[in-house]
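The following note sets out numbered points for a colleague's review. Each point may be checked against the sequence and coordinates shown below.

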Amino acid sequence: MRRAYYAEVAGRYWKRQVTEAEIDQGLLDFPDDGLLPPTGGFVVGRRGGEPLACGGLRLLDHATAELTKVYVDPRARGTGGGAALLEALEAQGRALGAERVRLDTRSDLVEARALYARHGYAEIPAYKSGPYAEHWFEKRLA
């Protein structure tokens with residue numbers, strides 16, 4: 001799932017298909033640090049046993065969790081898989097004691113931005129910077 005995620009976000013950014021070597025390098029350059037208990041987690045969504053969605057969550061501080069690596073395979077978009085993925089990630093955030101969830105995303109990831117807006121995430125001012133952060137969202141969990 002991480003490879004599929006990176007292939008899509010990098011390919012859309014570069015406006016071309018990425019190579020396996022570029023995916024390998026991207027996974028090294030952008031590790032999934034902090035996505036393990038007790039400070040985070042990683043969820044894989046399946047349909048019929050096939051992995052079709054994933055997402056990570058990590059604590060930024062005692063009250064704030066951050067979503068990252070959120071991905072729904074194009075074959076599963078529009079099926080409710082994205083909503084189920086967000087629900088599972090938010091439940092993990094609550095279990096870790098988070099009161100809110102934040103995330104950043106890019107302008108070209110229009111499906112992701114629409115998913116977040118449909119599920120109660122509001123755009124907020126930048127809470128961090130990064131080369132691929134163009135929109136920031138937050139949702140209260142309490």
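In which helix is Tyr13 found? Tyr13 belongs to helix H1, which covers residues 2–14. The model under review is a predicted one, and the points below should be read accordingly.

1. Together with Trp14, Phe30 and Tyr132, Tyr13 makes a nonpolar surface patch of about 380 Å². Tyr132, another member of that patch, is likewise assigned to the partly exposed class because its relative accessible area is 33%.

2. Aromatic pairs at Tyr13. Five aromatic pairs are found when the whole structure is searched. In one of them, the ring centres of Tyr13 and Tyr132 are 5.0 Å apart and the planes stand at 90°, so the geometry is edge-to-face. Tyr13 is in helix H1, whereas Tyr132 sits in the loop between strand S5 (122–124) and strand S6 (135–140); the pair therefore ties together parts 119 residues apart in sequence. Ring pairs also join Tyr13, Phe30 and Tyr132 into a cluster, and these three residues are among the members of the nonpolar surface patch.

3. The pair formed by Tyr116 and Phe137. How is an aromatic ring pair described? Are Tyr116 and Phe137 buried or exposed? Both residues are buried.

4. In soluble globular proteins, nonpolar side chains tend to be buried together. In this model, the largest nonpolar core has 31 residues, and the members with the most contacts inside it are Leu67, Leu85, Leu89, Tyr116 and Tyr121. Two or more residues each come from H1, helix H2 (20–29), strand S2 (50–61), strand S3 (64–72), H3, S4 and helix H4 (110–118). The element that gives the most to this core is S3, with five residues.

5. Surroundings of Leu67. Which residues are in contact with Leu67, leaving aside its neighbours within four places in sequence? They are Gly56, Leu57, Leu86, Leu89, Val101, Arg102, Leu103 and Tyr121.

6. The loop residue Leu96. Leu96 is placed in the loop between helix H3 (81–95) and strand S4 (100–105). Its relative accessibility is 26%, so Leu96 counts as partly exposed. When residues up to four places away in sequence are not counted, Leu96 touches Pro38, Thr39, Gly40, Leu57 and Leu59. The C-alpha atoms of Leu96 and His62 are 8.4 Å apart in space, and the two residues are 34 apart in sequence.

7. Salt bridges involving helix H1. The count of salt bridges comes to 16. Since Arg12 lies in helix H1 and Glu111 in helix H4, the pair ties together parts 99 residues apart in sequence. Arg12 has a relative accessible area of 26% and is therefore partly exposed; Glu111, at 38% relative accessibility, is also counted as partly exposed. Glu8, Arg12, Arg77 and Glu111 are linked in a network of salt bridges.

8. Further salt bridges. Arg58 and Glu66 meet through their side chains in a salt bridge of 3.1 Å, N to O. With a relative accessible area of 2%, Glu66 is buried, because the cut-off for that class is under 20%. Lys128 and Asp104 meet in another salt bridge, at 3.2 Å, N to O. This pair links distant parts of the chain, with Lys128 in the loop between S5 and S6 and Asp104 in strand S4, 24 residues apart. Lys128 is partly exposed, with a relative accessible area of 33%, and Asp104 is partly exposed at 23%.

Definitions and conventions
Residues are numbered from 1 along each chain as its sequence is written. This is a predicted model: local features need pLDDT of at least 70, side-chain atom pairs count only at pLDDT 80 or more; totals for chains, interfaces and linings use all residues. Side-chain values use heavy atoms; hydrogens and water are left out. Patches are made of residues with over 30% relative accessible area and no salt bridge: like charges are joined within 9 Å, nonpolar side chains (Val, Leu, Ile, Met, Phe, Trp, Tyr) within 5 Å. Accessible areas come from the Shrake-Rupley method with a 1.4 Å probe; for residues, only the protein chains shown count as cover. A salt bridge is a side-chain nitrogen of Lys or Arg within 4 Å of a carboxyl oxygen of Asp or Glu. Helices (H or I, at least four residues) and strands (E, at least two) are DSSP runs, numbered from the N terminus. Buried means under 20% relative accessible area, exposed over 50%, partly exposed in between (1.4 Å probe, protein chains only). Contact means heavy atoms within 4.5 Å. A nonpolar core is a set of buried Ala, Val, Leu, Ile, Met, Phe, Trp, Tyr and Cys residues joined through side-chain atoms within 4.5 Å. Rings of Phe, Tyr and Trp (its six-membered ring) pair if their centres lie within 6.5 Å; planes under 30 degrees apart count as stacked, over 60 as edge-to-face and the rest as tilted.
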